[in-house]
Amino acid sequence: MTIYFVAGEVSADNHGAALMRSLRECDPALKLIGRGGPQMQQLASNQFKNWIGDAAVLGLWEVLRKYGYFREQFRETLTEILDTKPDAVVLIDYPGFNLRLARALRQRSPRQKIIYYISPQVWAWNSGRIKRMARTVDLVLCIFPFEADLYNQSGLRAVFVGHPMMERLQAREINTQRDPDLIGLFPGSRSREVRKIFPVMIQTARLLLKTTTRLRFEVAAASQELAREVRAILPSQLADVIHITVGETAEIMQRAWAGMVASGSATLEAAYFRLPFVLVYKVALPTYLAARVVVKVNYLGMPNLLADKEVVPEFIQHRAEPHAMADEMRMLVDDPTIREQMISEFDRIIAKVGGGGASETAARAIITEIDVRQPVRQQ
């Protein structure tokens, strides 16, 4: 049995590798081919391409600049699948490439089994695409429970498997106590995010220090490169109270008393580790205005989306104002009732997502899908 994977980002490589390991446990004889990152390549056959370094791009301009590259990779991927005739193609996130690939595969090979893992968030920006997905994708493995309900109602078969992040976070749990004087700062994992968001966090920290001089701050930098960027932004007079670490996001989330978190997957991590926090999101004005046109959700933070209410205060674009953020942070630091209310909401939210085992559940769903709905192999 052969499965072809397509993953185009670092996070998808992490989740794809975990899925591959679970698939091997289900069937050690599986042949795993395709393209993704270094972790997936280690687990796959020699017919697997590590293309993450070139494929992981952010923003419309980067995609346009590399249009020729992506056109060639698309052609190569489609040809490889048509030539190898896998029992299933598993697409992992990466919607700009993978949704087009699913459509092309359905046209060229109508009986090809196509499974989408970590579905694109079409419910947030274009729910009409769900019905189009139903014509090209056989099964979606959803990481949020509301996704499965939404897809199934639209005629797209979907199964909720749980969030693979939970497995990773469980492994990062440590035995520690929270420091009531420590505030965690999580300015994002991309350079452009850090340049926009970290200055707002610095200004908020200054205001907090005026009223609570005992406070210290710890920045979680996603890489050495981003740590250098943070140091370049950080005023020298605050270097003694704002400390920078690399690769310790989970640890800081478990030691800090409260936090400021850039919008993204880190908001769900903070909820998992029960860290009271405020959400910050700020981008270039044209990007924000474009997003306002297409995004159709009431909240930006995943904890708030899952709760369908504002559990975490959201400071977005022009609302990312240091005085307002400092006022909210003071309540999270000093008011036990507000802290406990937010933590209790986090517990309910994480219970909805599932406690782990997403990769194993997804692997079983893939094997079942192949066995039950085995296509007639093309000659």
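Biologist: What should I know before I read residue numbers and values here?

Modeller: Residues are numbered from 1 along each chain as its sequence is written, and side-chain values use heavy atoms, with hydrogens and water left out. This is a predicted model, so local features need pLDDT of at least 70, side-chain atom pairs count only at pLDDT 80 or more, and totals for chains, interfaces and linings use all residues.

Biologist: What pLDDT does the protein average?

Modeller: The average is 88, and 89% of the residues score at least 70. pLDDT is the predictor's confidence in each residue, from 0 to 100.

Biologist: Which elements have the lowest and highest mean pLDDT?

Modeller: Helix 15 (residues 285–294) is lowest, at 56. Strand 8 (residues 182–186) is highest, at 98. Separately, pLDDT stays under 50 over residues 374–379.

Biologist: How many helices and strands are there?

Modeller: The protein has 19 helices and 13 strands. These are DSSP runs, numbered from the N terminus: helices are H or I with at least four residues, strands are E with at least two.

Biologist: And how much of the protein is buried?

Modeller: Buried residues make up 51% of the 379. Buried means under 20% relative accessible area, exposed over 50%, and partly exposed in between, using a 1.4 Å probe and protein chains only.

Biologist: Which of its residues are buried?

Modeller: Phe 97, Asn 98, Leu 99, Leu 101, Ala 102, Ala 104, Leu 105 and Arg 106. Their cover includes strand 1 (2–7), helix 5 (67–84), strand 4 (88–92), strand 5 (114–117) and helix 8 (129–134).

Biologist: New topic. How many cavities are there of 30 Å³ or more?

Modeller: Three. On a 1 Å grid over the protein atoms alone, a cavity is a set of points where a 1.4 Å probe fits but cannot get out; lining residues have an atom within 4 Å of a point.

Biologist: What lines the second largest cavity?

Modeller: Leu 99, Arg 103, Arg 129, Arg 132, Met 133 and Thr 136. Helix 6 and helix 8 are the elements that give two or more residues to that lining. Helix 8 has the largest share, three residues. The space is about 70 Å³, a volume filled by probe spheres set on grid points joined across faces, edges and corners.

Biologist: Is Ser 359 buried or exposed?

Modeller: Ser 359 is buried, because its relative accessible area is 2%. This serine lies in helix 19 (residues 358–372). Beyond neighbours within four places in sequence, Ser 359 is in contact with Ala 18, Leu 19, Ser 22, Tyr 117 and Glu 167. Contact means heavy atoms within 4.5 Å.

Biologist: What is phi for Asp 308 and for Gln 317?

Modeller: Phi of Asp 308 is near 60°, and phi of Gln 317 is near 50°. Most residues other than glycine have a negative phi.

Biologist: Where do those two sit?

Modeller: Asp 308 is in the loop between helix 16 (302–307) and strand 13 (314–316). Gln 317 is in the loop between strand 13 and helix 17 (322–334). Asp 308 is exposed at 57% relative accessible area, whereas Gln 317 is buried at 8%.

Terms used. 1 Å grid on protein atoms, 1.4 Å probe; cavity = no way out; pocket = protein on both sides within 12 Å on 5 of 7 lines; lining within 4 Å.
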